[in-house]
Amino acid sequence: MKIIAVVITYDRLDLLKKNIEALRQQTYLPDKIIVINNHSTDGTTTYLKSCLDIETINMDKNEGGAGGFTEGISIAAKEKADWIWVMDDDTIPRSDALEKMIPYTANENIGFINSWVIWKDGTQHLMNKPRRLKNQEEKLFPQKLNNNCHLIKQASFVSLLIKGSIPWSLGLPYKEFFIWCDDAEYTLRITKGGYYGIQIDNSIVLHATPTNYVASLTNINSQQAWKLYYGERNASFLRRKEKGRILFWLSQINEFRLHRHKIKKRHLPHTEEKIIMKASMKGLWDGLFFNPQCHFLV
């Protein structure tokens with residue numbers, strides 16, 4: 001069985017070094033590590049030249065997480081990986097994280113396997129909580145699961161093991177998303193495509209973000225507002241796909257109203273509110289016309 005690890009990095013050299021060292025120390029080693037360097041400017045490129053055991057893809061520009069994962073998954077699939085282990089550079093897997101997922105790879109019904117993602121204090125990372133299946137949906141799964149394993153619909157790209165045949169049959173993530181929603185969309189596409197997703201509680205990885213948070217209109221700050229733009233735009237596109245044009249337009253009008261209300265309710269300083277409001281409104285507006293294409297391997 002061939003497993004290729006794919007790591008996306010951009011200007012976080014210290015964390016990347018910890019990530020790579022953790023991958024090198026796995027009790028079940030991946031057959032190959034591919035690092036997608038999203039045009040870093042902090043010495044990452046020079047460091048990666050010294051890593052002779054790693055394949056590095058230096059992007060011509062920063063393609064965001066979505067573009068990086070699309071590139072890495074495409075390369076790994078074309079190299080005939082049976083499973084593709086994807087993560088960001090701030091993901092630090094415990095030494096047995098991959099080993100704990102391996103027993104479930106033999107199940108042909110499983111399309112992706114997700115680790116249990118924690119923050120620095122050992123609590124579950126709020127950003128990486130997967131969507132669990134409902135009780136009635138779990139009954140449809142043909143195999144009995146143990147206590148460490150749970151069925152899920154969606155997961156993040158923080159330590160996600162993807163069946164290698166899926167990029168060929170269901171396509172690649174939307175690289176045009178740049179950031180946010182790409183992992184939720186892709187994993188949901190997999191489960192809707194007839195596969196199951198599972199989370200393994202004893203496959204543990206650290207997501208080394210500065211704080212344990214999940215970004216939303218109620219807590220995002222002006223420094224992160226640029227991410228909010230992409231989130232609202234991408235989520236709008238996904239709602240349009242799900243609802244159809246007429247229902248989408250009606251719901252989108254309501255989204256404009258709700259978002260404005262939620263931001264105003266925070267009583268932020270004027271400059272802070274203006275930046276967040278602009279990012280949110282522009283994302284919702286651009287989402288009316290945003291139409292990325294799903295790319296398939298050839």
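Select helix H7. Eight of its 11 residues are buried, so the helix is largely enclosed by the rest of the structure. Keep in mind that this is a predicted model.

**Stop 1: along H7 and its two ends**

Which residues of H7 are buried? Colour Asp182, Asp183, Glu185, Tyr186, Thr187, Arg189, Ile190 and Thr191. H7 covers residues 182–192.

Now step back to Cys181. Cys181 sits in the loop between helix H6 (166–170) and helix H7. Look at its backbone. Its phi is positive, about 80 degrees, although Cys181 is not a glycine. Most residues other than glycine have a negative phi.

Go to the other end. Just after H7 comes Gly194. Its phi is positive too, at about 105 degrees.

**Stop 2: Ser115 in strand E6**

Select Ser115. You will find Ser115 in strand E6, which runs over residues 110–118. Is Ser115 buried or exposed? Ser115 counts as buried, because its relative accessibility is 0%.

Show the side chains around Ser115. Its side chain makes a polar contact with the side chain of Ser159, at 2.7 Å. Another polar contact, also 2.7 Å, joins the side chains of Ser115 and Ser203.

Now widen the view. Leave aside the neighbours of Ser115 within four places in sequence. What else does Ser115 touch? Its contacts are Met101, Ser159, Gln199, Ile200, Ser203 and Val205.

**Stop 3: strands E1 and E2**

Select strand E2, residues 32–37. E2 is mostly covered, with five of its six residues buried. E1 and E2 pair in the parallel sense. How many bridges does the pairing span? The answer is six.

**Stop 4: Lys32 and its two partners**

Stay in E2 and select Lys32. Lys32 counts as partly exposed, because its relative accessibility is 24%.

Take Glu55 as one partner. The closest N and O atoms of Lys32 and Glu55 are 2.3 Å apart, in a salt bridge. Lys32 lies in E2 and Glu55 in strand E3 (residues 55–58), so the pair ties together parts that are 23 residues apart in sequence. Glu55 is partly exposed, because its relative accessibility is 23%.

Now select Glu79. Lys32 forms a salt bridge with Glu79 as well, and here the closest N and O atoms are 2.9 Å apart. This pair links distant parts of the chain, with Glu79 in the loop between helix H3 (64–78) and E4. Lys32 and Glu79 are 47 residues apart. With a relative accessible area of 22%, Glu79 is partly exposed.

**Stop 5: one step on, to Lys80**

Move to Lys80. Lys80 also belongs to the loop between H3 and E4. Lys80 counts as exposed, because its relative accessibility is 58%. Check the backbone. Phi of Lys80 is near 65 degrees, a positive value in a residue other than glycine.

**Stop 6: Arg12 and Asp90**

Select Arg12 and Asp90 together. Their side chains meet in a salt bridge, 3.5 Å from N to O. Next, compare their surroundings. Arg12 is partly exposed, at 34% relative accessibility. Asp90 is buried, with a relative accessible area of 3%.

Arg12, Asp89 and Asp90 are linked in a network of salt bridges. A search of the whole structure finds nine salt bridges.

**Stop 7: a nonpolar patch**

Select Leu126, Met127 and Val214. These residues make a nonpolar surface patch of about 210 Å². Leu126 lies in the loop between strand E6 and strand E7 (131–132). Leu126 counts as partly exposed, because its relative accessibility is 37%.

Terms used:
Residues are numbered from 1 along each chain as its sequence is written. This is a predicted model: local features need pLDDT of at least 70, side-chain atom pairs count only at pLDDT 80 or more; totals for chains, interfaces and linings use all residues. Side-chain values use heavy atoms; hydrogens and water are left out. Patches are made of residues with over 30% relative accessible area and no salt bridge: like charges are joined within 9 Å, nonpolar side chains (Val, Leu, Ile, Met, Phe, Trp, Tyr) within 5 Å. Accessible areas come from the Shrake-Rupley method with a 1.4 Å probe; for residues, only the protein chains shown count as cover. A salt bridge is a side-chain nitrogen of Lys or Arg within 4 Å of a carboxyl oxygen of Asp or Glu. Helices (H or I, at least four residues) and strands (E, at least two) are DSSP runs, numbered from the N terminus. Buried means under 20% relative accessible area, exposed over 50%, partly exposed in between (1.4 Å probe, protein chains only). A polar contact is a pair of N or O atoms within 3.5 Å; within protein, one must be able to donate a hydrogen and the other to accept it, and residues adjacent in sequence count only if both atoms are side-chain atoms. Contact means heavy atoms within 4.5 Å. Two strands pair if DSSP finds at least two bridges between them.
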